[in-house]
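Here's a quick briefing on a protein model, meant to be read with the structure open beside you.

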Amino acid sequence: MADVSLPVSAGDGSADRAQLLLVGALTLAVVFLSLSLLLNSVIYTENLATRQTNTDVEKATTFRFVAVDVLGDAIEHVNRGDASDFATRRDDYRNVTDVAIRTLGNHSATDGLATDIERRTLSRGTRIADDNATSTLTPENDSRGNWTVVTDARVRNARLHVETDDVVRIVVDDGTARDVVLDGSADELRVEGESGACALAGGRNWIDLTAARVDGERCRPLTTLPLDDEVNVSIANGTDATGTYSLVVDRYEAGTRSAVDTRNAPGQCTPPSPPTYNDSDAGRPYTSPAVYAATANVSVASQDIDFRRTVRTAPG
């Protein structure tokens, strides 16, 4: 190390002061260097912690969306099952989601997360369907082509697999009627009052009114349908089309059936003979109790986050 001392001289002590200043400057330099290294270390640690926290938040958000999808898939699955009462639907939903919740929890644990899905409520509704691909779009035991499918209800999972060589209308009315026109003669689907049309292939076409898709492709005119609001849905010229359909509405089964029977058979006793819908799948339109929506508490925890949200899913 270099000698930083100065020759001793007699007199006013300026040499001693100079040596003290030099030593002090060196000491401050060491202190500043140490503080700089410490600060850099703190910033580095905080950046690591921030990145870890952000990663965990992203994982928690992803888990939330996955939970909603899983619960929605469970609802669709149990509604397609053969059940004559809502209690069976509810039990089926719990059995299916039991497995899904355990699977998601085990997967998340391998990623350093503690997750849980606490099921809360199930909203009861009605599934309306016709599974006979050779039948026309008409009521139970009736040849009327113009009829009401549902009244004053919110509609989910409204899907058809139909074929027509003519013009059939599905009318969605929330106070303003919107006609979905299936034009087999022009091989197109359009919504009256909206620009554009979607191609219909020859033969049967898959039409998803709530997802706004025709044969899997996005159909912009269908995005205008107000199916999240209370609507009346009716069919015109249903005798000119054949195929299957299904939809889920947010009304109880008894109320759904009574309302459409009153609309389709005014002045007759309720239920009329024949009623609009059968009680079970007997080759014609029928209704069954369904799960319309579900809520759950979703939680995700790690060393850095405690994420909790209440979610709702109404698939379709």
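Eight strands are the place to begin: 8 strands make an open sheet in the order β10-β9-β8-β3-β12-β1-β13-β14, with antiparallel pairing. At its edges sit β10 and β14 (306–313), each pairing on one side only. This is a predicted model, in which local features need pLDDT of at least 70 and side-chain atom pairs count only at pLDDT 80 or more, while totals for chains, interfaces and linings use all residues. Residues are numbered from 1 along each chain as its sequence is written, and side-chain values use heavy atoms, with hydrogens and water left out.

A word on terms: helices (H or I, at least four residues) and strands (E, at least two) are DSSP runs, numbered from the N terminus. Two strands count as paired if DSSP finds at least two bridges between them.

- β9 and β10 pair in the antiparallel sense over 2 bridges, and Val-214 stands opposite Glu-217 in β10.
- Helix α2 (residues 86–109) packs on this sheet and touches β1 (114–130) and β13, with its direction at about 145° to that of β1. Contact here means heavy atoms within 4.5 Å; axes are lines fitted to C-alpha atoms, for helices over the stretch in contact, and angles run from 0 to 180 degrees between N-to-C directions.
- Helix α3 packs on the sheet too, touching β1, β12 and β13, and its direction makes about 140° with that of β13.

**The 6-strand sheet**

- Another open sheet has 6 strands in the order β2-β11-β4-β5-β6-β7, again with antiparallel pairing.
- β2 (147–153) and β7 (198–199) are at the edges with a single partner strand each, so one side of each has no neighbour in the sheet.
- β6 (residues 188–191) pairs with β7 in the antiparallel sense over 2 bridges; Leu-189 has Cys-198 in β7 as its bridge partner.
- Helix α3 (residues 253–264) turns up here as well, lying across β2 and β11 and running at about 130° to β2.

**The cavity**

- How many cavities of 30 Å³ or more are there? The count is 1. On a 1 Å grid over the protein atoms alone, a cavity is a set of points where a 1.4 Å probe fits but cannot get out, and lining residues have an atom within 4 Å of a point.
- The largest cavity has a volume of about 140 Å³, where volume is the space filled by probe spheres set on the points, which are joined across faces, edges and corners.
- Its lining has 14 residues, and the closest to the centre are Leu-160, Ile-170, Leu-209, Val-233 and Leu-247.
- Two or more lining residues each come from β3 (155–164), β4 (167–173), β11 (231–236) and β12 (241–249), and β3 gives the largest share, 4 residues.

- Most residues other than glycine have a negative phi, and most peptide bonds are trans.
- Asp-152, in strand β2, has a positive phi near 50°. Asp-152 is partly exposed at 43% relative accessible area (buried means under 20%, exposed over 50%, partly exposed in between, with a 1.4 Å probe and protein chains only).
- Asp-215 also has a positive phi, about 50°, and lies in the loop between β9 (213–214) and β10 (217–218). Asp-215 is partly exposed, at 33% relative accessibility.
- Ser-273 and Pro-274 are joined by a cis peptide bond, with omega about 0°; Pro-274 is in the loop between α3 and β13 (286–301).

Notes. 1 Å grid on protein atoms, 1.4 Å probe; cavity = no way out; pocket = protein on both sides within 12 Å on 5 of 7 lines; lining within 4 Å.
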